[in-house]
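Student: Good morning. I would like to go through this protein with you, one topic at a time.
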Amino acid sequence: MLHERRASMLFYIISILVVLTDQLTKYLIRTYIEINERFSLWGWQLTHIENSGMAGGLFQGHARLFGMMAVLFVISVLYIRRTEEMKGTLIDCSFGFLVGGGIGNGIDRLLFGQVTDFIPRSGGVLNVADHAIEIGVLLLIIYVIVSWLKKAR
């Protein structure tokens, strides 16, 4: 029971830290860096863009729809956490990153009608929430593989 509580707290801590870090970095970028401006921070080359679509700039102009999808996604993850047998530190970390990233980008989409991106990478320009979602997916894949291996024994 104590282990489940610690894992649950980890879920909330990760979610909150992701949202706070994501929103703080986006606020700083929007406040101090012009759109399409490139700049260097601690050796990293960054670019401020605003994206009213989804990953890779697809479906421009539908940010609020994707914002509602983010709300449904977060509700789904919270429901799964309560009802499924998926328990433990690894899955709670995964869900924490997924929910934090979903909330971070959802806030932008619903409040501003676009998402602030600034971290160039092959295939596009991302933000902290995007990277958190990627980490969450990776941890989910690891969880599924580990669970499958445990059941196979």
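Student: At what angle do helix 3 and helix 4 pack?
Tutor: Please keep in mind that this is a predicted model. In it, helix 3 and helix 4 (residues 128-152) pack at an angle of about 155°, and their axes are 7 Å apart.
Student: Is that parallel or antiparallel?
Tutor: Helix 3 is roughly antiparallel to helix 4, because angles over 145 degrees are counted that way.
Student: And which hand does the crossing of helix 3 and helix 4 have?
Tutor: The crossing of these two helices is left-handed.
Student: Which residues make the contact?
Tutor: On the side of helix 3, the contact includes L90, I91, C93, S94, F97 and L98, and also the glycines G101, G102 and G104. On the side of helix 4, A129, I133, G136, L140 and Y143 are among them.
Student: What classes of residue are in that contact?
Tutor: The contact of helix 3 with helix 4 has 14 nonpolar, 6 polar and 1 charged residues.

Student: Let us stay with G136. Where is it?
Tutor: G136 lies in helix 4.
Student: Buried or exposed?
Tutor: G136 has a relative accessible area of 0%, so it counts as buried.
Student: Which residues does G136 touch?
Tutor: Leaving aside residues up to four places away in sequence, G136 touches S94, F97 and L98.
Student: How far apart are the C-alpha atoms of G136 and S94?
Tutor: They are separated by 4.1 Å, although the two residues are 42 residues apart along the chain.

Student: Back to helix 3. What span should it have, and what does the model give?
Tutor: Helix 3 covers residues 89-112, which is 24 residues. At 1.5 Å a residue it should span 34 Å, and because its end C-alpha atoms are 34 Å apart, the model agrees with that expectation.
Student: What comes just after helix 3?
Tutor: G113 follows, and this glycine takes a positive phi of about 75°.
Student: Where is N36, and where is W42?
Tutor: N36 is in the loop between helix 1 and strand 1 (38-41). W42 is in the loop between strand 1 and strand 2 (44-47).
Student: Are N36 and W42 buried or exposed?
Tutor: N36 counts as exposed at 57% relative accessibility. W42 also counts as exposed, and its value is 81%.

Student: New topic: helix 1. What does S15 touch?
Tutor: S15 is found in helix 1 (residues 2-32). Not counting residues up to four places away in sequence, S15 touches F95, G96, V99 and G100.
Student: Is S15 buried or exposed?
Tutor: S15 is buried, with a relative accessible area of 6%.
Student: What about T25, then: which residues does it touch?
Tutor: T25 is placed in helix 1 as well. With residues up to four places away in sequence left out, T25 touches F118 and V128. T25 and F118 are 93 residues apart in sequence, and their C-alpha atoms are 9.2 Å apart in space.
Student: How accessible is T25?
Tutor: T25 has 22% relative accessibility, so it counts as partly exposed.

Student: Finally, the whole chain. How many helices and strands are there?
Tutor: The protein chain has 4 helices and 6 strands. Along the sequence, they follow the pattern α-β-β-β-α-α-β-β-β-α.
Student: How much of the chain is buried?
Tutor: Of the 153 residues in the protein chain, buried residues make up 37%.
Student: And what share of the contacts joins residues 24 or more positions apart?
Tutor: Among contacts with a separation of 6 or more, such residues account for 67%.

Key. Residues numbered from 1 in each chain as written. Predicted model: local features only at pLDDT ≥ 70, side-chain atom pairs only at ≥ 80, totals over all residues. Heavy atoms only, no water. Expected span 1.5 Å × (residues − 1). Axes fitted to C-alpha atoms, helices over the stretch in contact; angles between N-to-C directions. Parallel < 35°, antiparallel > 145°, perpendicular 65-115°, else oblique. Left-handed = near helix turned anticlockwise from the far one by under 90°. Contact = heavy atoms within 4.5 Å. Nonpolar A, V, L, I, M, F, W, Y, C, P; charged D, E, K, R; others polar. Buried < 20%, exposed > 50% of the residue type's maximum accessible area, 1.4 Å probe, protein only.
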